[in-house]
Amino acid sequence: MDTRLAYEGHVRRKRLFAAALAALTVAAAVAALCAGSSGLGLGDLVAALAGRASRRASVVLFNIRLPRVVTAVVAGAGLASAGLAMQGILKNPLASASTLGISQGAAFGASFAIVALGAGLQNQSLDGVTILNPYLVSACAFACSMLSTGIVLGLSRLRSATPESMVLSGVALSTLFAGGTTLLQYFAADVKVAAVVFWSFGDLGRTSWREIAVMSAVVALSLAYHLANRWSYNALQSGEDQAKGLGVNVERSRLVGMLVSSLAAAVVVSYVGIINFIGLVAPHIARRFVGGDYRYLLPASALTGALLLLLADTAARLVVAPVILPIGAITSFLGAPLFLYLLFRRKGTS
Amino acid sequence: MISVDGLGFSYGSGAAILDRVAFDAAAGRCVAVLGNNGAGKSTLVKCVARILEPGSGSVYVDGEDAASLGRRELARRVAYVAQRGSHDRLTVFDSVLLGRTPHMGYEPGREDLDIVASAIDRLGLGGLALRYVDELSGGEAQKVALARALAQRPRTLLLDEPTSNLDLRNQYETMAILRDEAARSNMCVIVVMHDLNLALRFCDRFLFMKDRTVYAYGGPEVVDEGTVRAVYGVPVAVETVRGVPVVVPMPSYGEGLGEQGGLGRRLPVAEPEEESA
């Protein structure tokens with residue numbers, strides 16, 4: 001069976017690539033732990049792991065840097081896998097949390113909490129702005145982003161809409177929520193506007209271990225769901241009719257898949273703020289390397305998202321240290337040129 | 001074994017596409033579904049595969065009501081090949097492997113891989129196994145879809161114009177494979193097609209659709225001048241060339257067609273929509 005043997009070699013290469021990507025992500029995570037303005041390096045990390053480091057070093061490594069690194073990995077993986085699932089389910093390369101109204105919904109919810117419910121205030125004496133009640137802000141952001149998802153999915157159920165109209169209604173809702181956010185800001189006091197803007201920049205340093213635990217659980221569950229349905233996603237790539245002929249319950253997997261990925265994206269965005277580019281670009285970068293098979297594309301996309309966000313955050317911390325640049329801007333600056341390069345390099349050869 | 005009884009379908013509250021369609025197709029048979037564009041041929045096979053939910057009537061698969069079978073259980077018995085071959089960024093092997101999804105658990109086993117490899121070799125796609133489907137020609141993609149359906153190992157195989165993108169040689173090879181598989185695996189093959197001569201050559205049952213329902217159904221004897229003329233609106237001659245029955249369109253012999261009327265120029269020599277695919 002030459003054909004089978006050739007295929008098994010092909011599968012081994014894909015697995016090897018995924019393993020290499022995982023190793024690279026771990027290496028980037030260790031590098032991120034060792035990078036920062038307090039002058040602690042790999043030696044301190046090893047000492048701290050062995051319990052021989054100073055109290056200060058341990059605090060910096062485990063209470064400041066480690067939560068940040070874990071947040072980057074979990075948020076990157078969550079946004080990327082959600083984006084990938086949405087792109088596959090809707091058969092639209094532009095689908096992601098930021099094009100389906102989830103990010104804009106979260107931004108509106110956070111603005112509402114800060115402006116109308118008084119959850120945020122500027123505090124000049126410390127490092128700029130602190131959000132007084134981060135729980136309320138996250139809860140409102142989450143509620144509004146799920147509201148946006150609910151409207152898109154509800155409309156599609158009600159009128160048995162096509163994937164295209166789901167994307168378009170997501171775009172319409174994005175605009176609606178963005179308009180609402182603008183209005184809130186227009187009538188708000190300066191200090192509150194500053195807090196809103198600060199929130200929407202995105203920041204990986206806001207999460208405590210408790211929030212990380214919630215976020216990790218949701219992201220892990222959504223990844224597990226998508227992995228369990230990877231054959232359905234593969235079948236959907238051949239068209240809706242063909243997928244039905246292969247035994248896929250297309251309506252149900254579309255609805256549940258969208259719900260699960262929106263939930264993961266909404267949780268991430270509610271905790272860390274708007275990080276626009278990862279969910280869109282990480283799946284496309286991964287697809288360039290491993291092809292369209294969701295068995296490898298899902299883990300590869302999640303790892304690519306984690307890696308991109310880690311690198312972006314490390315860059316954001318180091319470029320003009322000790323100032324930390326807004327992560328959303330850095331992901332765009334890193335991701336967009338990389339993406340354009342990959343897009344046109346392949347286009348030229350095929 | 002497929003049994004269709006009183007099948008009706010319409011999109012929403014619109015006009016009926018199918019109306020009281022009834023026929024039986026036994027195992028081992030190769031049934032050609034024939035008729036004009038818009039006669040409801042594609043809709044019929046989609047209703048049998050339950051890709052579309054019939055508005056009325058029933059479809060029985062091996063004696064069981066298809067509505068009572070789950071989608072996965074149905075996919076183990078009935079395979080469907082869509083009109084347009086897929087153009088996805090999967091390798092040929094992975095694309096054919098999808099045919100095993102109704103049968104396998106979380107991961108394909110060695111047996112699944114062997115079935116896929118033999119389906120690929122059966123259609124002569126061995127050299128393309130690791131190429132991406134979206135880099136193949138239309139005809140090759142169509143063969144991938146067919147290989148996937150064979151890998152599904154169904155009892156009934158439904159195909160919507162499986163030869164529309166193929167050249168002459170590949171049309172005959174593909175139809176020969178379908179006929180042989182029907183006989184070898186005692187599978188019921190139902191093919192929507194336009195080429196009457198290809199149908200006559202390889203199929204043993206002929207189902208003519210007209211005005212949303214079955215106009216004629218039976219063996220080669222139903223393919224006569226009267227039926228073809230009534231179904232397609234074109235006068236034909238059915239002749240035998242070296243023992244092979246052939247249908248020859250004779251539009252110029254018709255009243256008002258061909259020479260005098262402008263209609264003769266529009267007669268379907270080749271379907272423009274298929275050429276662009």
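**View 1. Tyrosine Y232(B) in helix α8 of chain B.** In this predicted model, Y232(B) belongs to helix α8 (residues 225-232) of chain B, where helices (H or I, at least four residues) and strands (E, at least two) are DSSP runs numbered from the N terminus. Y232(B) counts as buried because 21 C-beta neighbours lie inside 10 Å; a residue is buried if 20 or more other C-beta atoms, placed from the backbone, lie within 10 Å of its own, exposed if 12 or fewer, and partly exposed in between. Although Y232(B) and G35(B) are 197 residues apart along the chain, their C-alpha atoms are separated by 6.6 Å.

**View 2. The hairpin of β9(B) and β10(B).** Strand β9 (residues 205-210) of chain B runs antiparallel to strand β10 (residues 213-218) of chain B, and five bridges join them, where pairing requires that DSSP finds at least two bridges between two strands. F208(B) has A216(B) in β10(B) as its bridge partner. Two residues lie between the strands of this hairpin, and D211(B) in the turn has a positive phi of about 50 degrees.

**View 3. The packing of α4(A) and α7(A).** Helix α4 (residues 102-115) of chain A packs against helix α7 (residues 190-201) of chain A at an angle of about 150 degrees, with the axes 9 Å apart; axes are lines fitted to C-alpha atoms, for helices over the stretch in contact, and angles run from 0 to 180 degrees between N-to-C directions. The two helices, α4(A) and α7(A), are therefore roughly antiparallel, since angles under 35 degrees count as roughly parallel, over 145 as roughly antiparallel, 65 to 115 as roughly perpendicular and the rest as oblique.

**Notes.** Residues are numbered from 1 along each chain as its sequence is written, while chains are lettered from A and ligands numbered from 1 in the order in which they are written. Because the model is predicted, local features need pLDDT of at least 70 and side-chain atom pairs count only at pLDDT 80 or more, whereas totals for chains, interfaces and linings use all residues.
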